[in-house]
Amino acid sequence: MGARDIDILSLALLLVFLIPVLWLGGRFKLSLNRTILWSILRMTFQLSLVGLYLKYLFKFNLAWVNILYILVMVTVAVYSVLKSSRLRISKLFGPIFISILLPVGTVLLFINTFVVRIDNIFDAKYLIPICGMLLGNSMRNNIIGLSNFFAGLREHEKIYLYSIALGGRRMQALAPYFQASVIAAINPILASMATIGIVSLPGMMTGQILGGSIPMVAIKYQIVIMLGIFYTQFFSVCLSLLFSIRLGFDEFDVLRKELLC
Amino acid sequence: MIRYEDVHLDFSGKAVFSGFNLKVSENEKLLISGPSGCGKTTLFRILLGFEKVDAGRVFCGDLEVTAPNIRAIRNQLFYLSQDIDFRNAPVAAVLDEIFSFEANRDIKPVRAPQRQYMQLLELEDELLKQNMPELSGGERQRLGLLVCFMLNRPIWLLDEPTASLDKDLRKKLLDHVMAAKKTVIIISHDNIWRQCDTCQIERWS
């Protein structure tokens with residue numbers, strides 16, 4: 001059993017709504033039409049590509065290929081995090097890579113080993129989609145956390161330095177920015193956990209139900225994935241902020257400006 | 001007590017200091033005056049380790065301003081910055097935080113001196129209940145001075161300490177600072193400091 005296939009023409013039919021969108025975009029002078037088209041084009045191209053190589057990834061299902069693929073995914077996520085947070089990639093790539101890989105990897109293998117209890121924990125069918133969900137979410141919250149932290153510091157550097165002058169240690173003086181950034185980064189997942197099922201039916205669950213799973217199974221997986229996302233995000237943003245605090249300042253506790261771009 | 005020896009510092013190609021020397025003895029009071037933007041505040045920031053010199057050496061007591069010494073040096077300095085950069089929180093919370101820092105822990109904010117200094121600075125108890133952004137410039141400045149007196153560190157770096165104070169208070173503050181057994185460097189455009197003969201004046205061009 002599985003969801004009905006959709007033929008290409010029917011898929012293309014969804015583009016009819018694009019006509020009023022582009023027309024309104026033009027009328028309201030949003031200067032977004034080009035971006036809208038480009039984003040839709042990219043999504044279509046990238047997902048087609050994923051469809052193609054996932055087919056082979058699932059077919060061969062080799063542990064080392066799957067792991068390699070995950071490492072590539074993490075690399076792309078780290079680039080995206082640093083670029084969106086306006087931080088120098090060359091300076092922070094390593095630490096942020098660890099901050100994302102470690103929690104994602106731990107939670108992922110834990111789920112596969114102890115929760116779903118599949119025989120081959122590197123089975124592509126489980127490993128890749130779950131990893132994708134954890135990774136996508138922790139990428140987003142790292143962007144929120146890091147942007148928030150460095151934007152706060154950029155704006156209030158004098159206040160931070162004043163705390164240092166009054167005798168605060170680096171971590172004490174940075175505590176308000178650290179706390180605010182962790183909270184900003186995990187608030188969205190907390191809100192979505194609190195309203196899930198009432199306000200929104202999550203994508204994964206919808207997908208599983210369409211794919212033929214009974215709702216109870218789909219719901220269990222959804223709970224697994226929500227907890228997984230939450231833990232990953234929490235640990236990941238704490239790690240990346242702690243690394244930033246450790247590496248982002250010189251021995252005089254002054255922010256290294258060469259980190260920012 | 002404080003020595004700047006042949007200090008050179010460039011800001012994006014523009015020389016702020018080239019071969020600058022200055023010596024301040026223990027318990028000396030020094031007024032630094034000069035046009036805005038000539039690097040007076042930078043002098044404080046160098047001593048605090050917030051700005052690194054391109055060449056030359058800076059000493060505070062026996063300690064040179066270097067990374068291993070910087071915490072020990074900072075703990076001897078009280079810096080009253082121009083904007084009194086306390087963070088946005090209730091006043092009482094900010095004070096509690098300052099006195100919870102390891103370096104300040106043995107200075108218990110005992111009620112008695114706090115009251116005495118608050119009286120001197122004409123600060124009301126109500127102030128402690130307010131939020132930092134609600135304070136006026138003058139209140140902020142006086143709160144900064146309250147912290148200065150209570151921390152009781154040996155060296156005071158005061159950047160425009162009287163800018164937002166009224167005349168009577170300026171006079172009281174002047175007397176208090178001049179009588180204190182502290183090494184004090186004052187950056188100010190306020191003429192009141194010049195009327196005082198115990199105060200050395202360093203002019204700047």
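Predicted model: local features only at pLDDT ≥ 70, side-chain atom pairs only at ≥ 80, totals over all residues.
Chain A contains 10 helices and zero strands, so that, read from the N terminus on, its elements run α-α-α-α-α-α-α-α-α-α. Taken along the principal axes, the C-alpha atoms of chain A fill a box of roughly 65 × 55 × 35 Å, and of the 261 residues in this chain, buried ones make up 28%. If one considers the contacts in chain A between residues at least 6 apart in sequence, 72% of them join residues that are at least 24 apart.

The chain is divided into two parts, with domain 1 of chain A covering residues 1-60 and domain 2 covering residues 61-259. The C-alpha centres of these two domains of chain A lie 27 Å apart, and the contact between them involves eight residues of domain 1 and 11 residues of domain 2. On the side of domain 1 that touches domain 2, the residues divide into six nonpolar, one polar and one charged.

Two packed helices are described by the angle between their axes and the distance between the axes. For helix H9 (residues 203-210) and helix H10 (residues 215-247) of chain A, the angle is about 155 degrees and the axes are 9 Å apart. Because angles over 145 degrees count as roughly antiparallel, H9(A) and H10(A) are roughly antiparallel to each other, and their crossing is right-handed. H9(A) contributes A:Met204, A:Met205, A:Gln208 and A:Ile209 to the contact, while H10(A) contributes A:Pro215, A:Ala218, A:Ile219, A:Tyr221, A:Gln222 and A:Ile225. By class, the residues of this contact of H9(A) with H10(A) comprise eight nonpolar, two polar and no charged.

A:Leu14 has 10 other C-beta atoms within 10 Å, and because a residue with 12 or fewer counts as exposed, A:Leu14 is exposed. Between A:Leu14 and A:Gly132 there are 118 residues of separation in sequence and 25 Å in space, C-alpha to C-alpha.

How values were computed
Residues numbered from 1 in each chain as written. Chains lettered and ligands numbered in written order. Axes fitted to C-alpha atoms, helices over the stretch in contact; angles between N-to-C directions. Helix = DSSP H or I, 4+ residues; strand = E, 2+ residues; numbered from the N terminus. Parallel < 35°, antiparallel > 145°, perpendicular 65-115°, else oblique. Left-handed = near helix turned anticlockwise from the far one by under 90°. Contact = placed C-beta atoms within 7 Å. Nonpolar A, V, L, I, M, F, W, Y, C, P; charged D, E, K, R; others polar. Domains from an automatic or database assignment. Buried ≥ 20, exposed ≤ 12 C-beta atoms within 10 Å, placed from the backbone.
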